[in-house]
2 protein chains.
Amino acid sequence: MVTLAEVAQHAGVSASTVSYVLSGKRSISASTRERVEDSIQQLGYHPNAGARALASSRSNIIALMVPLRTDMYVPVMMEIAIAVATSARTHGHDVLLLTGEEGPAAVRRIAGSSLADAMILMDVELHDERLPLLRDSGRTAVLIGLPADTSGLTCVDLDFEATGALCVDHLAGLGHREVAVIGEAAAVYERHTGFAERTVDGIRAKAQETGMRILHRPCEGGYAAMAGTLGRIFDERPGTTGFIVQNEAAVEPLLNLLQQQGRAVPEDVSVVAICPEQVATQASVRLTSVAIPAQEMGRRAVEQVVAELAGRGTDEVELLEPVLTVRASSGPAPV
Amino acid sequence: MVTLAEVAQHAGVSASTVSYVLSGKRSISASTRERVEDSIQQLGYHPNAGARALASSRSNIIALMVPLRTDMYVPVMMEIAIAVATSARTHGHDVLLLTGEEGPAAVRRIAGSSLADAMILMDVELHDERLPLLRDSGRTAVLIGLPADTSGLTCVDLDFEATGALCVDHLAGLGHREVAVIGEAAAVYERHTGFAERTVDGIRAKAQETGMRILHRPCEGGYAAMAGTLGRIFDERPGTTGFIVQNEAAVEPLLNLLQQQGRAVPEDVSVVAICPEQVATQASVRLTSVAIPAQEMGRRAVEQVVAELAGRGTDEVELLEPVLTVRASSGPAPV
DNA sequence: GAGTGGAGTCGAAGCGCTTCGACCGCCGCT
DNA sequence: AGCGGCGGTCGAAGCGCTTCGACTCCACTC
């Protein structure tokens, strides 16, 4: 491995000069800079990450905690993770992938070892165990999601309350009066995952306002689970004409089942989904949907992290505004 | 932050002793060890990652390069990534997430900076640009996937040739003579991604052996693409009675379309999928399938990495044997 | 009773980098 | 002419850890 010292010798300058060329923290004459840069090229020098971290107490690594559960909203998670990794690189950072498995201990370990300069947490619960640790670790952190108490924390998320309200508004405007909500799996609510609860809150509030009847049912992904849930919904509320679907793994099964039952979409029944654009456009019926801006969320989270590391910190909650796109799955309520 | 020196002072021993307690590289008396461990607990000490990496030239980090494309076999990727992260932790390593975006440069950067001790590459192409760099970086590396030239590389993968053969065998045994293969998106073949080509090779070879006619068609995921592809397949080969599906995003659309066309599965048409178990069991018809053992692949890759780092290296290709599970989507060919 | 060797501990020398203070010219000011 | 100040460079002191060699005891052996 080539070292700083070797570059310095090759360029005929001192080690510190090379360091300053690299960091730009002191002015360097054009001629010296050029010579140093040439030497770096020729020798194929790469700064040693460990030495750098030790000397500067900055690792240029951002830790990303993703949920362990691989059974939920996987594409969204993946998209966020990739967006985080990609934007981190554009800011000169790398991303360390932590799974939920280690739980709160991971926070302690990462903060304690100075392995990462900052952390981004996904899949945040309302009363997340990791938050107290995070707060008094003093590390900069950004949450993707919204806990109950956001004091001292920076958060990025889609405004799920507004999202719920938007879906209701759309269906109400089309004359629907009885709407069923196909939620995430029951476990998601039991863990008090913020986004799921907030969506339902938003739906409930707006429904009350517009005089709509809501039936909310958690639902696992997959065909079998959806079949059961759907049967029970129509048993209980035969007059249901609208669906709001939050679990993307239930979307296609739902469309399929409706079709089998001879209920036409959107003539007899309207469906609004909360899902990534790709799911909405690739489904068997092009879905009216509120997009989950996974990439945007990942990008924003990184930008917040970078801003805070640079001291331009702003402990704030940034809620992205939902956008509803009308496609082929929603129409006027049947008369 | 608490340092080694502080722990040493607190325990009344020298720094090196604490270090040896931590690493176990020299014998320490029980009493000393206990005292040191107590101090570590009380002070809440965590070794500084940078310092450790610098002094030992081991970062205990494994870099994982995942493809940037978020549109392909996402669940599989995610499952592998999580399995890698999880098993890495059980071996005391962390995982650095690199996206394909940076391309071969990432290999140079990581190797050069000693940020990671080893690399795991996913989405390997037959003639992958990263391989030459990897070879002469001297870093230990494991590929998930199989390039054309595996010399000097450790690889882990499902045996996709055998997988293809297995699918053909199953359908041939049921009397099917005309089978269509729904492949991955065309771009996957253009990039010469190993697994896709090898699957087709395996299918072709076995089909010849069993006198089966094969029609292979690449296919994007999603409903619309599948509809087009399916139409063209039946135009060209009206006698098709079997399908082998490799693109998991095409599975559900295919089932849906067949149903719409009044072709019953498995009475009129049999479908065999190559996909994760979850997809197979959650589809609208429980699918006869060859499982893609994503977790297993991730775990094996990490184990290989750890073995090589420990000097118990074995540059070898490890192909996992495919397992076909018969479910409800395949049956005897119609007469 | 001197010699041998292993168990247990310590001191010191780095690992490769950043950064602070100091130094040296040289320009421009009064 | 003299001096402040600034652009540009260097030396040296760490950052917190690992690891090598050396040292001390003490239990054995012959």
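Modeller: Across the interface of chain A and chain B, the rule finds eleven residue pairs in polar contact, both residues at pLDDT 80 or more. A polar contact is a pair of N or O atoms within 3.5 Å, where one must be able to donate a hydrogen and the other to accept it, and residues adjacent in sequence count only if both atoms are side-chain atoms. This is a predicted model, where local features need pLDDT of at least 70, side-chain atom pairs count only at pLDDT 80 or more, and totals for chains, interfaces and linings use all residues. Residues are numbered from 1 along each chain as its sequence is written, chains are lettered from A and ligands numbered from 1 in the order in which they are written, and side-chain values use heavy atoms, leaving out hydrogens and water.

The same interface also holds four salt bridges, each a side-chain nitrogen of Lys or Arg within 4 Å of a carboxyl oxygen of Asp or Glu. One of them joins A:R109 to B:D94, with the closest N and O atoms 2.7 Å apart.

Strands meet here too: β2(A) and β2 (residues 94-99) of chain B pair in the antiparallel sense over three bridges, where pairing needs at least two DSSP bridges. Strands are DSSP runs (E, at least two residues), numbered from the N terminus. In this pairing, A:V95 stands opposite B:L97.

In total, each chain brings 52 residues to the contact, meaning heavy atoms within 4.5 Å.

Key
Helices (H or I, at least four residues) and strands (E, at least two) are DSSP runs, numbered from the N terminus.
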